[in-house]
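Colleague: I would like to learn how to read a protein model. Please take me through the features one by one.

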Amino acid sequence: MAEPEKEKLSAAKSEGSEPMADASSSSVSRAGWLCLILTWLTYAGITALRKPLGIGKKSMSQELHIGRTELGFLDMSFLLPYAVVQVTIGPKADGVPVRLALFFVVLVSSLATVSFGMWNSVYPLAFLLFVSGSAQAFAWPACVKVVSGWFRGRSSSNVFGIFGTCTSVGGIGGTLIAVWLVARWSWRYAFLPQSLVMLAFSFIVLFFMPIASQETLPTPQGSDSKSESTGSVNTVTLLKIQSVAELSLANFLIKLVRYAFFMWLPLFLSEQLHYKDSEAGVMSTTFEIGGFVGTLFSGAIIDRLYGGKLLSSMTGLLLAGCLSIVAFIMTSKLGFFLNCTMLFFAGAANVATDPIISAMVPMSLAELEGTNIKAGLASVLNGFGSVGVILEGPLIGSVADHFGWSMCLYLLVALQVVALFLVRRSAAYQRTAALS
């Protein structure tokens, strides 16, 4: 690594000077656990805000007379700014206090989606999704940095395993609420309850979120004197850290596969397996229930089966994910019970990798580098992962239109296999570094 880049990384050590408490230590105060609860609720609510778009696609298509390609464009309208803002601004990790950043995230996201059902054209819907995606880009790195300010050490894998369940619970809750609202009224009302709840919750975050130390998040002015004094690190510098480029590409593929299930599974179950719309919506939650269970026990899997080796545990989970998707393909015509069972295992294996690569791995890499660049690394890994989520919409929509739903599933298996080999290669790098 070039000398100026090393100096930047070394400068980042000074950020957040107060010592963090070990997750297993009694020194973790009530404020620390309150922080975990509030960040969990924050990201669960943000995830719930994203779900109505996937559930309402069929009725939106019929009412607005738009096809799968346009629906994929709406996905991209949210996901493009989400990824770009994370990759370009997130790694600077300086400027705005985390509490204010999370308040901004929740407030703007809820304001953008509260009026979603009032519009009859793709373009205003795309604009609102663009605004929401830009705001939500700060959510994950902010939450990771806030939680890591209170918890550290080997047992932090259990804490982040618990924290990671917020995406599954938020997804399940958001899905069930959206299914009920779409069935009872229409897609136009599916965004309203979550938006109003999160609008109110933004003020709880502002007034009650405890912060362990002066953790901050990015502003576009990364070159000012404050940023330099706290040791901001740019994206290129972070990508030169060993394994970061490979893991970024792996997360690109992992998130593409995961969000393909999240965003298209209800429509696949309805059109390909001929379930009723309400049945398909509810049935799709088995994938997220599996994700909740897998994520909850990911810490135990890492510590007990893999001896705390994060990347080795990821290779095992990715292999299980590939096999479970293949099993779903082979049993898809054999009825409701087997469909739900295979989706449960697919969700457990695939979703459990998310908190590992997006939260635990950045913490581990930051400690290996001897710096406090957790938010920057989380932004890069999660941001490049979100680039895969951008392409998920138009890719799956186009493949389904031209080659059918079955080809989509085979494509997802192939992408998962590539991700597995990238993670395995990164694990080999880490073993080599440990022996050198």
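Colleague: How many helices and strands does the secondary structure of the protein come to?

Modeller: First, how they are assigned. Helices (H or I, at least four residues) and strands (E, at least two) are DSSP runs, numbered from the N terminus. Here the secondary structure comes to 19 helices and two strands. Keep in mind that this is a predicted model, where local features need pLDDT of at least 70, side-chain atom pairs count only at pLDDT 80 or more, and totals for chains, interfaces and linings use all residues. Residues are numbered from 1 along each chain as its sequence is written, and side-chain values use heavy atoms, with hydrogens and water left out.

Colleague: What percentage of the residues of the protein count as buried?

Modeller: Start with the cut-offs. Buried means under 20% relative accessible area, exposed means over 50%, and partly exposed is in between (1.4 Å probe, protein chains only). Of the 436 residues, 60% count as buried.

Colleague: What do contacts in the protein say about separation in sequence?

Modeller: Contact means heavy atoms within 4.5 Å. Take the contacts between residues at least 6 apart in sequence: 86% of them join residues at least 24 apart.

Colleague: How many residues does the largest nonpolar core have?

Modeller: The general idea is this. In soluble globular proteins, nonpolar side chains tend to be buried together. A nonpolar core is a set of buried Ala, Val, Leu, Ile, Met, Phe, Trp, Tyr and Cys residues joined through side-chain atoms within 4.5 Å. The largest one here has 122 residues, and Phe 261 and Leu 269 have the most contacts inside it. Helix α12 (residues 244-271) gives the most to this core, with 18 residues.

Colleague: Which residues does Phe 261 touch?

Modeller: Leave out residues up to four places away in sequence. Phe 261 then touches Pro 266, Phe 287, Ile 325, Leu 343, Leu 409 and Leu 412.

Colleague: At what angle do α12 and helix α16 pack?

Modeller: Two packed helices are described by the angle between their axes and the distance between the axes. Axes are lines fitted to C-alpha atoms, for helices over the stretch in contact, and angles run from 0 to 180 degrees between N-to-C directions. For α12 and α16 (residues 310-331), the angle is about 30 degrees and the axes are 13 Å apart. That makes the two helices, α12 and α16, roughly parallel. Angles under 35 degrees count as roughly parallel, over 145 as roughly antiparallel, 65 to 115 as roughly perpendicular and the rest as oblique.

Colleague: Is the crossing of α12 and α16 left-handed or right-handed?

Modeller: A crossing is left-handed if the near helix is turned anticlockwise from the far one by less than a right angle, and right-handed if clockwise. α12 passes α16 in a left-handed crossing. In this contact, Leu 247, Ile 254, Val 257, Phe 261, Phe 268 and Leu 269 of α12 meet Leu 311, Met 314, Leu 318, Ile 325 and Phe 328 of α16. By class, the contact of α12 with α16 has eleven nonpolar, no polar and no charged residues. Ala, Val, Leu, Ile, Met, Phe, Trp, Tyr, Cys and Pro count as nonpolar, Asp, Glu, Lys and Arg as charged, and the others, Gly among them, as polar.

Colleague: Which residues in α2 meet α4?

Modeller: Begin with the geometry. The axes of α2 and helix α4 (residues 68-88) come within 10 Å and cross at roughly 150 degrees. So α2 is roughly antiparallel to α4. Their crossing is right-handed. Tyr 43, Arg 50 and Leu 53 in α2 meet Leu 74, Asp 75, Phe 78 and Tyr 82 in α4. This contact of α2 with α4 has five nonpolar, no polar and two charged residues.

Colleague: How far apart are the axes of α2 and α7?

Modeller: Helix α2 (residues 30-55) and helix α7 (residues 139-148) have axes 10 Å apart, at an angle of about 165 degrees. α2 and α7 are therefore roughly antiparallel. α2 passes α7 in a left-handed crossing.

Colleague: Where is Pro 141 found?

Modeller: Pro 141 is in helix α7. Pro 141 is buried, with a relative accessible area of 2%. The C-alpha atoms of Pro 141 and Ser 358 are separated by 8.7 Å, although the two are 217 residues apart along the chain.

Colleague: Is His 65 buried or exposed?

Modeller: His 65 is exposed, with a relative accessible area of 71%. His 65 is found in the loop between α3 (57-64) and α4. Its phi is near 60 degrees, a positive value in a residue other than glycine.
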